[in-house]
Amino acid sequence: MAMGLPRMNHPISDDQLTMVEEAIGRALDTDDHTELNVLGYGEVSVAVGWPSPSPVWVCKRMPPFPDRAAFDRYAALVSDYIATLTRSGVAIVETEIRPLPGPDDTWIGYLVQPVLNPATLGPDVLRAAEPGAGHPLIDSIVDSVMACTDGRTGIDAQITNWAWIEGRAVNLDVNTPFVYDESGRPLLDIDIFIGALPWAVRATQRRAGPKIIARWAKPRWTLTDLAMNLYKDHLEDWIPAVVAAANERLDEPIDESELKALYDKEAKLWVKLHRLKQIDRWWQRKARRRRYEFLVPATTNYA
Ligand SMILES: Nc1ncnc2c1ncn2[C@@H]1O[C@H](COP(=O)(O)OP(=O)(O)O)[C@@H](O)[C@H]1O
Ligand SMILES: [Mg+2]
């Protein structure tokens, strides 16, 4: 890894990680997240800063794995993914993949990273700059996408997944590795992540999932996704700069005038999912009398 990337001074101990798991467990059971120092609600995981008062680590809890072998497969996929991205020249935040025993035969997976300075996070960096002039962060992100996206590997390049550290874009989201076999099928066991979705949409997502993920095998989609999601983070003033940087490198250019409609369609889906998750959580608890395993934020950025 390049010099200058933030590193963990020491790995989190199993005792500390167990305390994280217990704190998240309390939040899951009470819907009260105030005990947690939530640094970000993402699409599939929640980034929890630990220790809460002044965090050293970020702990991202993955959905429970049915057995140790399933966790081991996921851990191997993430570490191969990080190695592949690094080889192609993409900088990745130091990431440790840690197992914790869960109830019955299940295992809980955590991805642990050093806490990054909030001022270095992509959205904050852009917010502090002038959209008209463009930003080297954008060039570095687009270069990273072009460097690693080759049909067998992809990357989630949304602005929320990058930090700007020592003059380069550094990716912090390797939770769901975009890796494909020779026929373009994702290697990630999406069933594990589909458990996080509301019951009502699981069957359709299980069917549609591989095709949805396959879109990131091509840089044009990845960069379209980066550009359109700037609406979500209220950074739409940056869309022209992102589209310009992307179109310099793409064979088939992105049409800026299509982005708003594309985003609105996507956002509608996420808002619906968010509402269904709240209903699913209620159902799991009341009728099934079991824990809903995913922290659902009170509101969604897509609304
Ligand atoms: N190492 C980190 N340091 C500081 N903030 C982080 C770190 N990792 C993640 N975050 C914050 O948490 C958010 C969600 O994390 P991310 O890994 O992108 O999860 P998801 O896969 O669910 O999108 C990020 O967009 C960022 O704002
Ligand atoms: Mg993310």
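**Helices and sheet**

Helix H2 (residues 68-87) lies across S5 and S6, running at about 25 degrees to S6; helices (H or I, at least four residues) and strands (E, at least two) are DSSP runs numbered from the N terminus, while axes are lines fitted to C-alpha atoms, for helices over the stretch in contact, with angles from 0 to 180 degrees between N-to-C directions. This is a predicted model, in which local features need pLDDT of at least 70, side-chain atom pairs count only at pLDDT 80 or more, and totals for chains, interfaces and linings use all residues. Residues are numbered from 1 along each chain as its sequence is written, and chains are lettered from A and ligands numbered from 1 in the order in which they are written.

**The sheet**

- An open sheet of five strands has the order S1-S2-S3-S6-S5 with antiparallel pairing, where two strands pair if DSSP finds at least two bridges between them.
- Its edge strands are S1 (37-41) and S5, each of which pairs on one side only.
- From one strand to the next, the twist averages 30 degrees.

- Strand S5 (residues 96-101) runs antiparallel to strand S6 (residues 107-114), and six bridges join them.
- Pro-99 has Gly-109 of S6 as its bridge partner, and Arg-98 has Tyr-110 of S6.
- Five residues lie between the strands of this hairpin, where Asp-104 takes a positive phi near 55 degrees.

**Helices H4 and H7**

- Helix H4 (residues 136-148) and helix H7 (residues 219-228) pack at an angle of about 150 degrees, with their axes 9 Å apart.
- The two helices are therefore roughly antiparallel, a term for angles over 145 degrees, whereas those under 35 count as roughly parallel, 65 to 115 as roughly perpendicular and the rest as oblique.

Notes. Contact = placed C-beta atoms within 7 Å.
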